[in-house]
Amino acid sequence: MEIGQKHRYSSSFSDFITRYTAVSSTNLRTQTAEYYALEEDDGLTMNLGVNPLLQFGLDETREQLCRNILNDLAAVNYVPFDSDTIGNPALDLGDVLKFSGGQADETKNTCITWWRWSCRWYGLRTGWRRLM
């Protein structure tokens, strides 16, 4: 979704791109932390913790699941941002946005990772129509 300058009140953008190149997960059975990384491991590591969906099956299956998560996660690069925008109830955590209007790099994606919704009422709006 594109957010134009006229749809935001204020915004600030980081000068770096967030990307993940590794995942870490704790094997409950062996009580060990397992680390899976791309060949070039120079980004962030996502900690999957003791994920119950990764606790069953063979060790090879667990490794394959973690590597699949890593490969999907590595494809996502985004620029951290902070923005006050006109409310859109369709937006949710994880949605990818592009900002336009000169302040942000329009070729970079952003991702909603935190969200606060507030509703402000500045007055009562009424309307009427005469029926004939």
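**Entry 1: ground rules.** I call a residue buried under 20% relative accessible area, exposed over 50%, and partly exposed in between (1.4 Å probe, protein chains only). My model is a predicted one, where local features need pLDDT of at least 70 and side-chain atom pairs count only at pLDDT 80 or more, while totals for chains, interfaces and linings use all residues. Residues are numbered from 1 along each chain as its sequence is written, and side-chain values use heavy atoms, with hydrogens and water left out.

**Entry 2: arginine 29.** I looked up this residue and found it exposed, at 58% relative accessibility. Arginine 29 makes a salt bridge (a side-chain nitrogen of Lys or Arg within 4 Å of a carboxyl oxygen of Asp or Glu) with aspartate 59, and their closest N and O atoms are 2.7 Å apart. This pair links distant parts of the chain, 30 residues apart: arginine 29 sits in the loop between β3 and β4, aspartate 59 in helix α1 (residues 59-74). Helices (H or I, at least four residues) and strands (E, at least two) are DSSP runs, numbered from the N terminus. Aspartate 59 is partly exposed at 42%.

**Entry 3: other salt bridges.** How many salt bridges are there by this rule? I count four. One of them joins glutamate 63 and arginine 67 (3.2 Å, N to O). Both lie in helix α1, four residues apart, or about one turn of the helix. Glutamate 63 is partly exposed at 35%, and arginine 67 is partly exposed at 31%. In another, arginine 19 meets aspartate 42, with the closest N and O atoms 2.9 Å apart.
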